[in-house]
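Please consult the sequence and structure shown below.

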Amino acid sequence: MSVTIGSGHEGNVREQLTAYKARVKGGEMGALPSVLSLFVLTFLFAALNPYFLTQGNFANLLTQTATLMMLAMALVFVILLAEIDLSAGVTSGVAMALFIIMTNRWEIDWRISILAGLICGAAYRSIYWVLRRQGWRSILRCNPWPISRVPRFTAGTSRRWWYLPNRSSRDQSDYE
Amino acid sequence: MNDNLPGWMGWAFLAIAITVMALLNFYDRSVRARNGLANRPISLMYTKLGVSIVIGASLVALLNTNRSQSIKEISGVPIVVPIALTVLFLGTLLLDRTRFGRHLYAVGGNPEAARRSGIKVVKIRIIAFMLCSSLAVISGIFNASRVGAVEATAGKAIVLSGVAAAVVGGVSLFGGRGRLIHAAVGALVIAIIDNGLGLLGLPAGINFLVTGGVLIMAATVDAVSRKRTSASR
């Protein structure tokens with residue numbers, strides 16, 4: 001029996017449950033496998049090691065997870081676009097270094113250090129924005145001396161490989 | 001960072017979190033009702049709220065007991081937990097309830113369709129990447145304030161664990177599907193494997209083996225379930 005639920009809000013409890021089961025069967029599992037494996041792993045490690053289920057280890061686990069959790073949440077924004085940001089880890093490393101140096105060596109207030117780290121991260125990423133908007137070729141388009149000295153052998157068409165066409169990446173593609 | 005909240009503050013945070021959750025739910029229901037749309041049965045909502053209250057209260061109660069091995073008392077919810085939960089809440093709000101979030105899902109699902117319906121795809125991409133680095137900065141600051149020191153290779157190895165965490169949690173590598181809470185749960189799974197295997201005293205290589213195996217399984221589940229969804233549509 002299949003229940004079609006239009007917006008996902010119709011139906012009583014039983015129909016909602018049936019629809020949820022159908023969705024899971026149809027492949028939309030969401031976080032279900034990871035929640036299940038969370039339970040399995042907890043029982044497994046608790047059976048194997050008595051220290052695992054103590055409050056001390058639990059609190060320890062939470063503080064250990066926080067870094068990874070934040071990074072995974074950062075990557076969601078990019079993975080949702082079917083891309084991967086390989087520089088996220090290094091960005092967090094740079095922020096780590098900046099934060100430690102600002103607070104420990106320069107003895108700046110930690111709130112200002114956090115703000116500086118955030119600005120630094122966004123600014124570093126906006127280099128990508130500038131290059132996207134202006135085109136990667138904008139670096140070369142300034143036509144420095146050695147390139148301007150290259151002789152042009154043929155008259156007529158001027159789009160040789162060293163003479164870069166004066167158009168932005170916006171003309172070429174709207175979404176890449 | 002390694003500090004803990006005082007006991008009452010943990011309870012206060014739990015109360016605020018539950019209240020916000022309930023208020024948002026009631027607000028949504030009233031908006032849907034006002035516009036003549038169907039609502040989910042209210043008993044489901046109460047069940048969800050009840051389960052979160054029970055889980056949250058037991059966690060706070062557990063963390064508020066003394067967990068010190070020596071004379072000095074250590075108790076309370078670690079201070080990262082409220083910070084991480086706040087970021088999670090704000091990010092979910094951004095993804096679920098703003099125009100930017102809708103556009104992000106649209107671009108992830110089908111960039112060409114999104115472009116044709118007038119979404120500025122390049123802008124969405126750039127904002128997504130900037131958000132990603134800003135959150136990565138927060139993760140770096142978490143790490144820095146936990147360890148209290150930094151080395152030159154900091155953050156080199158953690159990206160793949162981050163991707164693994166997101167994929168294990170059910171965020172699709174093919175884009176357009178997944179939520180922030182999924183990544184958080186996935187990160188918990190990866191961290192529990194790390195922590196538990198470390199306690200068993202196995203060599204470090206085993207840890208990578210198990211994490212890699214879990215990642216392969218998650219990616220397979222993702223690919224297979226995607227195939228199944230596209231077949232059923």
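Which element gives the most to the lining of the second largest pocket?

## Basis of the model

The model is predicted, with local features needing pLDDT of at least 70 and side-chain atom pairs pLDDT 80 or more, while totals for chains, interfaces and linings use all residues. Residues are numbered from 1 along each chain as written, chains are lettered from A and ligands numbered from 1 in written order, and side-chain values use heavy atoms, without hydrogens or water.

## The second largest pocket

The element in question is α9(B), which gives six residues, the most of any, to the lining of the second largest pocket. Two or more lining residues also come from α3 of chain A and from α6 (121-147), α7 (158-169) and α8 (180-200) of chain B. Helices here are DSSP runs (H or I, at least four residues), numbered from the N terminus.

The pocket has a volume of about 830 Å³, the volume being the space filled by probe spheres set on grid points joined across faces, edges and corners. A pocket is an open set of points on a 1 Å grid over the protein atoms alone, where a 1.4 Å probe fits, with protein on both sides within 12 Å along at least five of seven lines; lining residues have an atom within 4 Å of a point. Of the 29 lining residues, A:Leu68, B:Ala157, B:Ile158, B:Ser161 and B:Asp194 lie nearest the centre.

## The helix contact

The axes of α3 (residues 55-79) of chain A and α2 (residues 42-64) of chain B come within 9 Å and cross at roughly 115°. The two helices are therefore roughly perpendicular (65 to 115 degrees). Contact (heavy atoms within 4.5 Å) involves A:Gln55, A:Phe58, A:Ala59 and A:Leu62 of α3(A) with B:Leu59, B:Leu62 and B:Leu63 of α2(B).

Methods: Axes fitted to C-alpha atoms, helices over the stretch in contact; angles between N-to-C directions. Parallel < 35°, antiparallel > 145°, perpendicular 65-115°, else oblique.
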